[in-house]
Amino acid sequence: MSGIKAAITGVHGWVPEYVLTNAELEKLVDTSDEWITTRSGIKERRILKGEGQGTSVIGAEVVKGLLEKTGTKPEEIELLIVSTVTPDYAFPATANIIADKTGLKNAWSYDLNAACSGFLYALTTAAKFIETGTHKKVMVIGAEKMSMMVDYTDRATCVLFGDGGGGILLEPTTEDVGIIDSIHYTDGSGRQYLYQQGGGSVKPASYETVANKEHYIHQEGQSVFKFAVKGMADVSVEIMEKNGLTSDDVTWLVPHQANLRIIDATARRMGIDKNKVMINIQKYGNTTTGTIPLCLWEWEDQLKKGDNVILSAFGGGFTWGSIYVKWAY
Ligand code: UT7
């Protein structure tokens, strides 16, 4: 080991202005505020409106905010990793577009897709570039325009998802802070429970895929729920045990925001009080890879140097994992 750790030195988030409330959804589909709130914890979500507005709009706002907050010049950034399942185009990478929009002239950039666990996968990947000493300033962004693949006539999915994202700046440190450990898992046999059926190389877009609504999110909610409750709780406890952390040692749990019941179950298994859990699902719904950086952004002023922070996610793939971060500022 080099003795260099990757420290998070800045956080930023961005959500579009338009607020889609449960009351508005009640007019679109046969649902109720009561059902949505008790089953998922969601009250409202943000939607990116307007022609030609893709995920890069969200990502570029995050990068601009991060540069400003951390006093970093765009040309200092060496690498940008963007996690998303809703890229602007199938190719080129949305990261390339965000880098162009924000003047990251010296950065190489690429997208990474691990569905709802994408931000954690990207953060672990980025940390390696810092820990090996090859990079000094790396940005990791998780951004989604989930509304692009939501069927607003399907009550089972349209109430869940929202648009938005966030990101972090990673820099080297020799102090005992930063990314301490990470555990990640994948089980592709779960792919049929949560995916977009059409538009890829298996089923390229056609009149038929459009007519069959195969470009929308397909989710078998109950099946995903069962795997998510177990997967997210198991891996969160695993990373605590591996690093000798008791529930008292954990300052914050930052869980993926897919369902309040999954978050509560994870916190219970970890023995963590609800007041140590970052929860904003009521405001933004499930922004997929955006949820964890959006939480860090909203709680940034409550985080202190040395805090033990556990980030945990479960998502399509299946993918899941946890990262143990010692907060650096
Ligand atoms: O982020 C990546 C990973 N994703 C997840 O972790 C999501 C995991 N799954 C979930 O969070 C939950 O399964 C949902 C929130 C998606 C659904 O909650 P559920 O308690 O599993 O409900 P369900 O799908 O079993 O549906 C229960 C009932 C059904 O009616 P019947 O068959 O009992 O008559 C549904 O048709 O609720 C009905 N229903 C609704 N009713 C009102 C489904 N959606 C709605 C709705 N409004 N929006």
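Trainee: What makes up the shell around the ligand, by class?
Mentor: The shell has 12 nonpolar, 8 polar and 4 charged residues. Here Ala, Val, Leu, Ile, Met, Phe, Trp, Tyr, Cys and Pro count as nonpolar, Asp, Glu, Lys and Arg as charged, and the others, Gly among them, as polar. Before we go on: this is a predicted model, where local features need pLDDT of at least 70, side-chain atom pairs count only at pLDDT 80 or more, and totals for chains, interfaces and linings use all residues. Residues are numbered from 1 along each chain as its sequence is written, and side-chain values use heavy atoms, with hydrogens and water left out.

Trainee: Which residues come nearest to the ligand?
Mentor: Of the 24 residues around the ligand, those are Thr31, Arg39, Gln222, Asn259 and Asn286. A residue counts as near if one of its heavy atoms lies within 4 Å.

Trainee: How much of the ligand does the protein bury?
Mentor: The protein buries 74% of the 960 Å² that the ligand exposes when taken alone. Those areas come from the Shrake-Rupley method with a 1.4 Å probe.

Trainee: Which element gives the most to the shell around the ligand?
Mentor: That's α8, with 5 residues. Helices here are DSSP runs (H or I, at least four residues) and strands are E runs of at least two, numbered from the N terminus. α8 spans 221-242.

Trainee: What makes alanine 115 stand out?
Mentor: Alanine 115 has a positive phi of about 50° although it is not a glycine. Most residues other than glycine have a negative phi. You'll find alanine 115 in the loop between β5 (108-112) and α5 (118-131).

Trainee: Where is there a cis peptide bond?
Mentor: One runs from phenylalanine 91 to proline 92, with omega near 5°. Proline 92 lies in the loop between β4 (79-83) and α4 (94-102).
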